[in-house]
Amino acid sequence: MNAGAVVDGSSGVDSGYQAHRTAFAVFAEQLRKGDHRAALAAAHAVHERVLAAGHVDLRGVALNCVGLAQFELGEFAAAVESHQRAKDLSWRSDVRGFAALRANLARIAAGESVAYPQVWEADSAPGQLAALARSGHPHLAPAAGVELGRLLRGERHFLAAIRAYQAVVDSGHPWFRPRAAAPLARLLREAGDDEGASRVLDHVGPEADVPDLADLALAPLDEPEAPPFWLAPVRPGLDHYRAGDLAAARAELRAIAAGDWRHAAHQAGIVLAGIELRHGDRSAARQLLGDLAETADFTHGPRAAVALAILDAAEAAPPDLTTTVGPVGALARYLTRDLDVLADLEALAQGRHPLAGVFAALLGDLLDDGRPGSGAAHWEVRAVQSEDRLAAGYTAYLTAINLTMWDNTERVVDALAEACESAPAVLPWAAVRLGEAGLTNGYGSGDSQSFFTGVLETGHRALVPRAAAGLFNSSPADSWSAEERYELAEELLTGDLPAEAVPPLAWLAAEKLITYEDDLDGGREALERIPASDPEFGAPALAVRLLLDEDVDGMRSVFGRLARWDDRSLDIASECCMSVLWKLPDESAVTRRALLVLADFGDQSTPLAYKVSERLIKVCQIQHDLDGELVAREASNLRRGGPPGGGVLAAARRFYLAGDLDQAIELYQRVTQEFPEARSRAAVDLGVLFRHQGRHEEARELMAAGVHPEHCFKLGTDLEGAGRIDEAILAWGLIADTDDITWAVRANCYLGKAHAGRGETDAAIAAYQRAGATQDSFSCGMAWYELGCLYQDQGNLALAKEAQQRGADVGARLGEDGETVVGVCRLRLAQLATLSGDTEEARRRYLDMVDNAERGTAAMGAMMLGGDAKDRRDVAEARRWYQWVIDSGDLFQRELALAHLGELYYWVGDRDQSREFYQRTLDATRSNPDLVAEAAYRLGEMAGQDGDTAQAVRYLERARDTEDATFGPQAGQLLGRLTG
């Protein structure tokens, strides 16, 4: 195409623009010659010319020309500014869309990042480019799609690139389909879909007469005063119709409707439907509209669906005697966008016809060409206020797809939500767009699931593939939503689905069967429905099936290909294979070899890699594969940023804790000899081991270089957990006096507990005192608490009180970080007052806890006050404090309070209240089997006394099954007597 084609393509509307056309042609000529400086000068000149002439509509075109030349000169920031000015000035969607396309490409060329497409912000350059590709603009959406595919492929997001290119190819756009077909075919071949690649190339002819950038920038000059609504292929047929030649119009439009360019084909179909509705057979019009309403065209599909709804309602409604305008005739002329129908639509919108609100919506749509002062807004508001759901919903939908609004994400989302809520006729298209907005722009993928579910439940066949993909990509908001998603996928798979919808739904079904139902055979059957050629799910499905067949070599081959492909496919394949591996026995060679495949080629994101490495380490241990364990541990260690040798060190620690000291020593020595960065840590472990064995000289030599406090502390806790208390004390003792206060205070606390547990009171006291002498910290406060408890156990209440008070003081100085310390110390101080015989002091302290402490401590105080009243059988006082606990929100103490009230009322013989609180105990308690046992036993006992044997048996069986030492046997005995 050339500049002359742009001029000659005019419909005759000139309005004095001819001289400006010539000036624009000069710009185009210079740009094509590669004289970008001259092109920039020509663009500036034509901009000054149209500005002086007052042709505001042409300023945007001229500024886009300026931006093009600036881009070619490498003046990217200036290009962004020029295109942004064009976008802000123009009312035309084609000028605004081209400006947005080029401005964002200039931003990217200037250095704006395109990395991490999964988190592109809506207002970022690549995010705006993606939004334009989704906008539905007949020319600029595919233009943006080609650029988007290029960016995504460069970022190795191959699946997203395929989707971007595929949308362009599917559009059939004669200019951009050839540009998208070649890279799409290459990507499909990389994905293993040779047949799909050949099909793409077979259906796409060579690039011929494709416009260049200058042509695209100057395209609005075709009809500078007309809205850019009618596409060039449709205009000849429309001209024939307006000239009265129905036969020629029908022939021309039918030829376009049968063509590959979907947007033009569907636009021609809408016009044909209007012609048939006005001049021909209504049944033919209905057939045309019905076919269009079954398409995935987000402009003409909803328009056809609304037209059918209007036809149905008009045929069922009584005639409006206040006007001679026929609603069907007005609808027909709306479909051909005949501006002479404006008066008729206005009459219908202002009349008493039941569809007045809908005709107000049609009138607003017909007027809304984006031109200021068109009057569209008045009729759109009237449609919304008409209380007609179809009118309000269709108006909202038209707002959402308005080609001048595509970049206003928030407004588009709000309009789509209103359309979904109000107009079932447009729901399938609105829900898909709304769901995809949620996935793309961060509006909540959990909410997106409900929109995609709504589309799938309508059964709109053309939209089912997009909705199925959206359902897969949605993140369920909760477990119920997750289950609903799986169930819907399984249900849909039993029906007749478009082939493109099967893979995501089959994957969801397989995921449920394998991961949650342990049905490996069922999962295999679901995966077998996914073609191996599917770019996203084909290879993952094959990998999982090969694993289920125990073909690990085949699985490795597929994962080798996936590792070079898109991260998304690698991720789902890795997760599903891991789900299978959880079901396979640890002793199986297949399990170990498959885990090695995932470790080598699987998704390396932290959560999954951690699961793989931990399982592989465990399997190697069970299979006595020390070399495999060491490799797996070392890989995991390095992935987490540990020093070389850290994995071998971890294996040595395992053998040490298990008591295999010879193997532990061998591995520790290997670390000290081969891995300098891990040597000091291995030396500490080995030094402690040697000291315990009496090899003190060797131990001293190993630890001469010093010890790492945190490592030493963790060694002590590991040894303690393994029951090796002597060695734990040795480890903690190494850092009891270290300058690193954080670990010194913790080590002394643990030393105190260890010595106390062994009856070494003096050593325990010394350790706690060392910890308490450090600066204020949580551990310091707890050291005083533990020391106080130790003194209390010895019967030295005075020293116990002093220690607890010092702990409470430390906690108070720590503020929120010390609330737990304050709580436990205050509770002990109150208990010490009771032990000292000062009940008033104890009560005062409990009351102070209730009034002045944080919730958990206050609840403990209230529990003690309730317990005191309970012991005295003071029901009212006990009820007061236990109720305070119940209302406090402290869930743990609440369970205890309910059980205590049940027991108190049982003691005093109030069976109704006892039943109530014991039943509430059962309803509230999840983690205290002893409370469950008591409550169930008492309820069963009372039910048996009342003669309700069936109820008694149910409660008593529950009590027995807790295996509680006190009430379990009693429940068993009573069951025996009742069922004798």
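Which helix gives the most to the negative patch? Helix α27 (residues 479-493) does, with three residues.

## Basis of the model

This is a predicted model, in which local features need pLDDT of at least 70 and side-chain atom pairs count only at pLDDT 80 or more, while totals for chains, interfaces and linings use all residues. Residues are numbered from 1 along each chain as its sequence is written, and side-chain values use heavy atoms, with hydrogens and water left out.

## The negative patch

Glu-457, Glu-484, Glu-487 and Glu-491 form a negative surface patch. Patches are made of residues with over 30% relative accessible area and no salt bridge, like charges being joined within 9 Å and nonpolar side chains (Val, Leu, Ile, Met, Phe, Trp, Tyr) within 5 Å. Asp and Glu count as negative, Lys and Arg as positive, and His and the chain ends are not counted. The place of a charge is taken as NZ of Lys, CZ of Arg, CG of Asp or CD of Glu.

Glu-484 is located in helix α27; helices (H or I, at least four residues) are DSSP runs numbered from the N terminus. Glu-484 counts as partly exposed because its relative accessibility is 30%. Buried means under 20% relative accessible area, exposed over 50%, and partly exposed in between (1.4 Å probe, protein chains only). Accessible areas come from the Shrake-Rupley method.

## Salt bridges

Side chains of opposite charge can pair when their charged atoms come close. The whole structure holds 59 salt bridges, each a side-chain nitrogen of Lys or Arg within 4 Å of a carboxyl oxygen of Asp or Glu.

One of them joins Arg-250 and Glu-276, whose closest N and O atoms are 2.7 Å apart. The pair links distant parts of the chain, with Arg-250 in helix α14 (residues 246-257) and Glu-276 in helix α15 (residues 262-279), 26 residues apart. Arg-250 is buried at 17% relative accessible area, and Glu-276 is buried at 8%.

Arg-640 and Glu-614 also meet in a salt bridge (3.5 Å, N to O). Arg-640 is exposed at 55% relative accessibility, while Glu-614 is partly exposed at 33%.

## Cysteines

A disulfide is a covalent bond between the sulfur atoms of two cysteines. With the rule of two cysteine sulfur atoms within 2.5 Å, the count is zero disulfides. Cys-789 is in no disulfide, and the nearest cysteine sulfur, that of Cys-825, is 8.0 Å away. Cys-789 is buried, with a relative accessible area of 9%.

Notes:
Accessible areas come from the Shrake-Rupley method with a 1.4 Å probe; for residues, only the protein chains shown count as cover. Helices (H or I, at least four residues) and strands (E, at least two) are DSSP runs, numbered from the N terminus.
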